[in-house]
Amino acid sequence: MFTLKSQFLIHTCFLVLCTLVIPGGIQDLKAFLPAENLDFSEKYRQLLQEAQSATSKEDLKKVAFYAIEASQAAIKSGDYSTAVKIATLAVKLGKSSGNNHAYTLANSVRQRSVMLVREYRDVARSHQILNANPNDAESAFLYGKFVALKLNNWKQGLAWFARGDDAAFRTLAKQELANSKNQGALLAVANGWFQLASKEKGSTKQELERHAYDIYSRAWRNSFGADRTALNAKLSELPLRYLNHMQEQDVIHGGWPFGKNGDPGNGEIFTVDQIEFPNGLGLVPPSKGFARVRYQLDGQYKIFVTGVALIDDTYEFPNTVTFTVMGDGRILWRSPPFRDQGDVLFCKVSVKNVQRLEIRTETPGINRGAHAVWLDPHVLK
């Protein structure tokens with residue numbers, strides 16, 4: 001099973017990066033990722049064979065998800081060109097299967113793979129230098145930006161920053177490495193990354209903001225009172241915010257309690273197509289009724305983005321669920337009646353000037369098996 005994070009970027013544990021030892025707070029690094037005993041060109045040929053032997057759309061869907069996972073594994077190993085090739089196959093298979101989830105996700109992975117091929121060209125020379133001399137400060141900074149901001153591997157990226165030649169990145173990286181278990185100190189570091197982001201442009205600015213957001217949001221779960229008020233103010237300054245990092249209001253739940261942080265409402269972690277959604281919400285409707293939750297936006301955001309689905313389940317749901325997004329009492333988006341496990345509908349709708357956002361689910365029949373979830377719903381400025 002592989003997990004899905006933020007704007008539907010998968011992070012598999014298919015390949016494990018090298019363990020980094022931290023003497024005195026600075027990690028001892030290897031310049032290159034470990035060579036795994038996986039031949040991704042051969043994996044591509046195997047996937048092609050499986051696709052050609054598929055006898056149904058369901059079989060094609062399964063191969064599409066295998067290809068998505070293999071593409072992510074190729075990214076982990078540093079084989080970005082083959083990752084593009086495998087992801088392109090996944091796009092074709094997702095489209096042929098008629099599965100919206102597989103097709104959309106494969107497109108996302110392909111776009112990421114193409115980006116990594118392009119970005120790696122700019123740091124390949126630095127990577128080679130580090131293989132011979134891991135203490136080359138200029139190369140450490142340049143390669144660290146690629147690892148942290150493009151590969152989203154902040155654990156290793158911080159270690160490169162800590163020995164790099166950019167003073168601002170180096171200072172913050174050393175502080176974060178030295179205070180990994182000190183929440184108060186980490187919040188100060190998050191403030192630093194956010195301030196540094198304000199001096200950057202484009203994707204560098206966005207990725208630094210996301211890293212600051214990750215630190216703030218980890219503290220959000222266990223915050224109360226004045227601490228939560230302060231965190232709320234910080235999170236509100238950032239251009240993206242997940243609903244599970246907002247205070248919910250006016251909750252009406254159905255068969256299960258309202259679920260947050262990837263919990264459908266039964267205290268477990270849900271999956272859709274064996275993918276976890278760590279910022280997902282569970283909103284099971286009552287029989288012949290609706291469940292709802294509201295959030296105060298105060299006109300700060302422009303776009304609401306989510307996916308909607310029924311969780312992986314052995315029980316075949318005989319009825320339908322409708323998902324609705326409302327702004328200040330007005331319907332902004334409504335799904336068609338939905339019952340297909342293993343597929344996802346995606347929603348992207350304007351919430352410009354909306355003060356209060358409401359999401360709801362409802363079913364016209366008995367709610368047994370109506371395990372409705374919202375996939376990492378978030379708002380954007």
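The C-alpha centres of domain 1 and domain 2 lie 30 Å apart in this predicted model. The domain assignment of the protein chain, automatic or taken from a database, places domain 1 at residues 36-132 and domain 2 at residues 243-380. Contact between the two (heavy atoms within 4.5 Å) takes 8 residues from domain 1 and 9 residues from domain 2. Residues are numbered from 1 along each chain as its sequence is written. The model being predicted, local features need pLDDT of at least 70 and side-chain atom pairs count only at pLDDT 80 or more, while totals for chains, interfaces and linings use all residues; side-chain values use heavy atoms, with hydrogens and water left out.

The largest nonpolar core holds 47 residues, of which Phe146, Val272 and Leu375 touch the most other members. Such a core is a set of buried Ala, Val, Leu, Ile, Met, Phe, Trp, Tyr and Cys residues joined through side-chain atoms within 4.5 Å; buried means under 20% relative accessible area, exposed over 50% and partly exposed in between, with a 1.4 Å probe and protein chains only. Two or more residues come from each of helix 1 (40-53), helix 2 (57-77), helix 3 (80-97), helix 4 (100-132), helix 5 (137-150) and strand 14 (372-380). Helices (H or I, at least four residues) and strands (E, at least two) are DSSP runs, numbered from the N terminus. Helix 2 gives the most to this core, namely 10 residues. At least three residues are drawn from each of domain 1 and domain 2. Beyond its neighbours within four places in sequence, Phe146 is in contact with Tyr80, Leu116, Glu119, Tyr120, Val123 and Leu151.

Helix 8 (residues 183-197) and helix 9 (residues 202-220) have axes that come within 8 Å and cross at roughly 160°. Axes are lines fitted to C-alpha atoms, for helices over the stretch in contact, and angles run from 0 to 180 degrees between N-to-C directions. Helix 8 is therefore roughly antiparallel to helix 9, a term applied to angles over 145 degrees. Residues of helix 8 that take part in the meeting include Leu186, Trp193 and Phe194, and those of helix 9 include Leu208, His211 and Tyr216.

Glycine 259 is located in the loop between strand 4 (249-252) and strand 5 (271-272). This glycine 259 is buried, its relative accessible area being 0%. Leaving aside neighbours within four places in sequence, glycine 259 is in contact with Pro264, Gly265, Gly280, Leu281 and Gly282. Between the C-alpha atoms of glycine 259 and leucine 186, 73 residues apart along the chain, the separation is 27 Å.

Definitions and conventions
Angles under 35 degrees count as roughly parallel, over 145 as roughly antiparallel, 65 to 115 as roughly perpendicular and the rest as oblique.
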